[in-house]
Amino acid sequence: MDQMSSFRALLLAVLQICVFRVEFTVAQKDPEFINLQPIVKIQENSQPDSLVLEFKVKTVDPDPQIEIFNINPPTTVFALPTIHQGTGNTHNVMLRLSSNASLDFETVRLYRLELRVSANHSTATQTLEVEVLDVNEPPQCDAVFQFPGALVKIPNDLTVPIELYHVVASDPDINNTLNYRIDQVWPASARPQFMIDGTGTIYSNQGFGYQSSDKDFIVNVTVSDEQGASCRGKVRIEILPVLNRTLNFTVPSQSVTISEDIQVGSVVAIVKALGSDLRYEFVGNYPAYRISQDGIIRTTCELDLETNGDLQWSILMIRAFSTTHRSGTATVNVTVLDVNDNPPTCTPSVIVLCIPETTTIYTELAILSCSDADITNNSVSYQLEPNAVSQFKFRLQGSQLQVNNTLDYDNAEIAHNNFQYKATIFVIDGGLPPLTTVVQVLVTVTPVNEFIPEFQQPVQFLVNEDAGRGTVIGMVRATDRDWEHDSIRYSIRGVDQGFSINPKTGELYLRRELDFETQPTHRFVVQAVDLNQDINPSVRKQTTQEVTINVQNVNDNPPECNPFYETEIYSTLSLTEEILSLTCWDIDGDRLTATLTNGGKNDRFRLNELQLFSKNAFSYNPEGIFDPTFFELRIEVTDGKFSTTVLVIIHVKPWTTTVPTTTTPTTTRKPRVQTVLSSYWEPEPWFVAVMAITIALALIALGLLIWKILQCTSVCGKPTQEMSQPLLQNTYVSNLKRPNHKTHVTHPRHLMEKLKIQLQEETTYLNPINQQVEVKGII
């Protein structure tokens, strides 16, 4: 037996250790990721806000938080994960691309994300790799080549092979080879004349005759990659004639100077040849200029030296020709002067920062890198212009932006401005007039959970013990100096004592009935945890406060009594002597009162507090009324609100010296509480009135008769036997004759007593509760 006991003890210990380990393991796994794939693939052409991955998190915490706390390489293409309540203790998490996301396989092919879920004051982390899949992108052709098409003008005297045009195209995909082909030529008869090589250069293997052949050609070209994606364009080829006889210009060579801010379409120079019916054209390709048929040279676009430095000096060759096939050339040297027309350019162009409110003074926020694209006067200077809110918050040290004062997140002024400080940096160049670039500064201050919530002292509440479930007991309130002030979640710690709390407002509710008599005071601990007081939602501070609930006593319990009493008394019991005392109590401590409730029995007994007394003497006169010897009383004991009923059985022993009485033995009944419904006849009110009038008339008639007899006796003297006989026959004397005695005249006094007894018997039968009184004795 000892070995078996030791084995059972050892087995119990092992089971306890296993249960502890299981509970500890379950606690460790809260929270946890469920079936999270380690690698997810997404195509590079996925649209913004596209779903990357959906997975689940398991935790008993109703409000878990999830975040991406690290991304390698850093990027903004992923939005913050969203979490929603699922079934049971599971929560659905959705990871999407951001609204401005743009994936590029050729730039980044793999992102490594570290996810963290926070719940129940613990965290769980998981690494997720997002692989970007390559999607074939079509080649990109030169915009002019695609529409309306490139225009090439060549003289008709060039020798073959003639290089006509080079198609400019590129492929966003890496290591993708482009193929060029000519789809169509107009006119179709010229198709064999044109060819294109692997670099996109269009050639002509035949010469052009201005007089005898076509002067305009259109060549359609398709550029495709290895997967078949393509872009298309066209080249228009215009053949220019070459004339043999020379025309002379009035000014064969001239030089002009213009500024780069000249209006588009302004006159640059005018050339004039000698002769009539002349036309003018450029010999070369000069996109920034055009010449009209009358020899006026104008600009076609803005002359921006910073964009195209080649425009600073240009030599324009102009050909003049006539309908008689005479031609000549002239040159115009154009010099473009630099103008301070470019403001400084800065990197970054806008400073947008998110910094914690605890950032120290003189911390470097950003460094501006500014330059002036103008060829001359390109030095820059900096000026900081704060607004009313950011006054003295920042300063400039050269091109370096620094913190100049404490940044506070926890006040209404900065909250009204969405926790943002705005300022403007003016970057001014050295030109005349100086040009200025504006760099906007937008600094968003992020919260830091600095303060612990504080409860208002003390926390005590008074509640009636009859308060129903769901009753609002009171409200606890904690304050937090972090913004948003008093953003607190409340909870009750420890064992459940039947109270609950609104986690947002701090209102305390009653969840079960109270009992002052069992527990007049309840104490429990309320915990206050601040929420959203830090950029990291998992950083929270908490405090606790003991709450005291004092239960106020309410009369909510009925009196309790011994339900049954049975006793014997003598009919001669003194009116001041107690029959019995009820044993009753009330756990609420209320004063108890007792009342007899069963009708006419109240006339026999009375109550003083909880003591029962006789109300009047019992009559057991053998020659008179014989009272009952058995009484069943119902007594209602009440505390003022609730009541209970007590049954009392009283046996009365008659006590007389004239006639011996026989006491009938009574059996002791087992105490029990029962409801007795007494059926009795209760006459209508009119019947009682009629009977009362009838009896009164009968008494009056009887009184008159007696008075007449007495009057006759006193006037006439003693009557004779013959005279008395009729009178006695009209009275009740015949009922008084005894055997073996001579008939005699009954004295009127004896007759009165007999009549009274008979009247009492008749009255007894008219008792409303229909109790017949038995008159015993010997007459």
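**Disulfides, a sheet and a helical span**

C561 is buried, with a relative accessible area of 15%, and in this predicted model C561 forms a disulfide with C584, the two sulfur atoms lying 2.0 Å apart. The torsion about the S-S bond of C561 and C584 is about 120°, so this disulfide is right-handed. Because C561 lies in strand 44 (residues 560-561) and C584 in strand 47 (residues 584-585), the pair ties together parts that are 23 residues apart in sequence. C584 also counts as buried, at 16% relative accessibility, since the cut-off for that class is under 20%.

A search of the whole structure finds 3 disulfides, and another of them joins C346 to C370 with an S to S distance of 2.1 Å. This link is right-handed, with 110° about the S-S bond; C346 lies in strand 26 (residues 345-347) and C370 in strand 29 (residues 369-371), so the pair ties together parts that are 24 residues apart in sequence. Both cysteines are buried, C346 at 10% relative accessibility and C370 at 17%.

The disulfide between C141 and C231 has an S to S distance of 1.8 Å, and the torsion about its S-S bond is about 65°, so it is right-handed. This pair links distant parts of the chain, 90 residues apart, with C141 in strand 9 (residues 140-141) and C231 in strand 17 (residues 230-240). C141 is buried at a relative accessible area of 10%, and C231 is buried at 6%. When the bonded cysteines of the protein are numbered in sequence order, the pairing reads 1-2, 3-4, 5-6.

Turning to the strands, an open sheet is formed by 4 strands in the order 36-43-42-39, with mixed pairing. Its edges are strand 36 (460-464) and strand 39 (488-493), each of which pairs on one side only, and the twist averages 30° from one strand to the next. Strand 39 pairs with strand 42 (residues 521-530) in the antiparallel sense over 6 bridges, and I492 stands opposite V526 in strand 42.

Finally, an unreviewed UniProt entry lists residues 686-707 as "transmembrane region". In the model, this span is 100% helix and 0% strand, and its end C-alpha atoms lie 32 Å apart.

Technical notes: Residues are numbered from 1 along each chain as its sequence is written. This is a predicted model: local features need pLDDT of at least 70, side-chain atom pairs count only at pLDDT 80 or more; totals for chains, interfaces and linings use all residues. Side-chain values use heavy atoms; hydrogens and water are left out. UniProt positions are given in the numbering used here, feature names are shortened, and annotations may be inferred rather than shown by experiment. Helices (H or I, at least four residues) and strands (E, at least two) are DSSP runs, numbered from the N terminus. Two strands pair if DSSP finds at least two bridges between them. Axes are lines fitted to C-alpha atoms, for helices over the stretch in contact, and angles run from 0 to 180 degrees between N-to-C directions. A disulfide is a pair of cysteine sulfur atoms within 2.5 Å. Buried means under 20% relative accessible area, exposed over 50%, partly exposed in between (1.4 Å probe, protein chains only).
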